[in-house]
Amino acid sequence: KLTITGVFDGMGGAGGAEGESDFGSGYTKAYVGSRIVKAAIENMIRQNPSFAFHSSFKDILLNTIGERYQEELQKYPPKSKGLRSALIKEYPTTLAISCVREEGNKYVVDSFWAGDSRNYIWTPKGLFQISKDDLKGDLDPLQNLRDDAPMSNCVHADGKFVINHKSIEGLSINDKFLIISATDGCFGYYPSPMDFETTLYECVKYSKNMDELKQKLSKAFAYVTADDFSYSIAAFGFGSYKELNKTFSHLSDSNVLSYFRQRKKFEEWIKQRKLEKENRKSYILFEPN
């Protein structure tokens with residue numbers, strides 16, 4: 001049995017130029033790129049689902065994407081405009097795909113990615129990122145919230161790119177978990193990864209079924225993001241949504257509440273220091289001669 005989640009995020013900055021395509025005129029190369037890559041991979045898997053079990057699935061993805069790009073470039077040749085910045089790409093998009101397959105009495109999760117879209121596994125022990133953002137400077141997620149580094153790799157039609165792969169084993173067939181693939185519009189505008197995890201907890205807790213969960217997540221992401229967003233979620237080991245809700249809706253069972261308690265103390269300390277500083281300034285300003 002095989003389950004796949006995936007997201008693709010066209011990079012508007014690198015692929016903002018408009019061109020002709022099967023979608024018509026007026027669409028950016030980023031818009032077209034994310035959609036043709038998604039469609040090519042989806043069609044390949046539907047026609048040959050056994051490919052996803054293959055040890056060289058990463059190479060199959062690369063070949064599938066490369067062939068689709070060549071078709072697009074032949075059908076709609078790019079217009080040459082002389083010198084062009086190295087930052088500009090043809091049909092640039094991120095990619096994040098997770099393949100979950102059953103092997104005997106265990107699950108194996110294969111995470112594939114290019115760019116800054118992410119794959120997560122969410123277990124009762126917490127939310128774990130199972131991809132690593134392709135960023136210049138090799139920053140971790142917390143550092144990048146502050147520095148916002150540019151991407152060092154993405155899927156595009158201009159030349160070579162890398163699809164990263166990580167395999168996760170050790171999950172029993174009796175384990176309960178969720179797999180989440182998400183573009184940066186879902187998580188990139190929160191103050192911390194813990195805020196993103198809290199949003200997931202709260203949306204699960206106050207939803208009655210998967211459709212309602214989808215509505216609440218989309219509303220929550222739209223409230224904080226300054227970008228568009230896409231996400232794909234698959235649940236494993238649950239007999240009903242009620243069981244999923246019971247498993248994941250208790251913040252007290254995670255380390256997240258501990259983090260927020262410490263952050264609240266720190267924020268109160270900062271607030272008090274600012275108040276003391278302002279009081280000292282006022283005293284000096286109005287001190288009589």
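Contact here means heavy atoms within 4.5 Å. Helices (H or I, at least four residues) and strands (E, at least two) are DSSP runs, numbered from the N terminus. The model is predicted: local features need pLDDT of at least 70, side-chain atom pairs count only at pLDDT 80 or more, and totals for chains, interfaces and linings use all residues. Residues are numbered from 1 along each chain as its sequence is written, and side-chain values use heavy atoms, with hydrogens and water left out.

**First stop: a pair of helices**

Select helix H5 (residues 193-205) together with helix H6 (residues 210-224). Their axes come within 9 Å and cross at roughly 145°; axes are lines fitted to C-alpha atoms, for helices over the stretch in contact, and angles run from 0 to 180 degrees between N-to-C directions. Now display the side chains: Phe196, Thr199, Leu200, Cys203 and Val204 of H5 meet Leu213, Lys216, Leu217, Ala220 and Phe221 of H6. By class, this contact has eight nonpolar, one polar and one charged residues. For these classes, Ala, Val, Leu, Ile, Met, Phe, Trp, Tyr, Cys and Pro count as nonpolar, Asp, Glu, Lys and Arg as charged, and the others, Gly among them, as polar.

**Second stop: the sheet with S1 at one edge**

Next, select strands S1, S4, S5 and S8, which form an open sheet in that order with antiparallel pairing. Two strands pair if DSSP finds at least two bridges between them. Strand S1 (2-7) and strand S8 (164-172) each have a single partner strand, so one side of each is left without a neighbour in the sheet. On average, neighbouring strands of this sheet are turned by 15° against each other, direction ignored. Strand S5 (residues 106-114) is joined to S8 by seven bridges. Which residue in S8 is the bridge partner of tryptophan 113? It is asparagine 164.

Select helix H1 (residues 29-47). At 1.5 Å a residue, its 19 residues should span 27 Å, and the end C-alpha atoms are 27 Å apart, which agrees; the expected span is 1.5 Å times one less than the number of residues. Buried residues of H1 include Val37, Ala40, Ile41 and Met44, where buried means under 20% relative accessible area, exposed over 50%, and partly exposed in between (1.4 Å probe, protein chains only). The buried residues of H1 pack against S1, strand S2 (18-19), strand S3 (27-28), H2 and S4.

Centre the view on isoleucine 41, which has a relative accessible area of 3%. Leaving aside its neighbours within four places in sequence, isoleucine 41 is in contact with Phe8, Leu61, Thr64, Ile65, Leu95 and Ile97.

Move on to helix H2 (residues 57-75). Leu61, Thr64 and Ile65 are among its buried residues, and the buried residues of H2 pack against H1, strand S4 (95-103) and S5.

**Last stop: the sheet with S7 at one edge**

Finally, select S7, S6, S9 and S10, an open sheet in that order with antiparallel pairing. Strand S7 (126-129) and strand S10 (231-236) are the edge strands, each pairing on one side only. From one strand to the next, the twist averages 20°. Four bridges link strand S6 (residues 118-123) with S7, and tyrosine 120 has glutamine 129 in S7 as its bridge partner.
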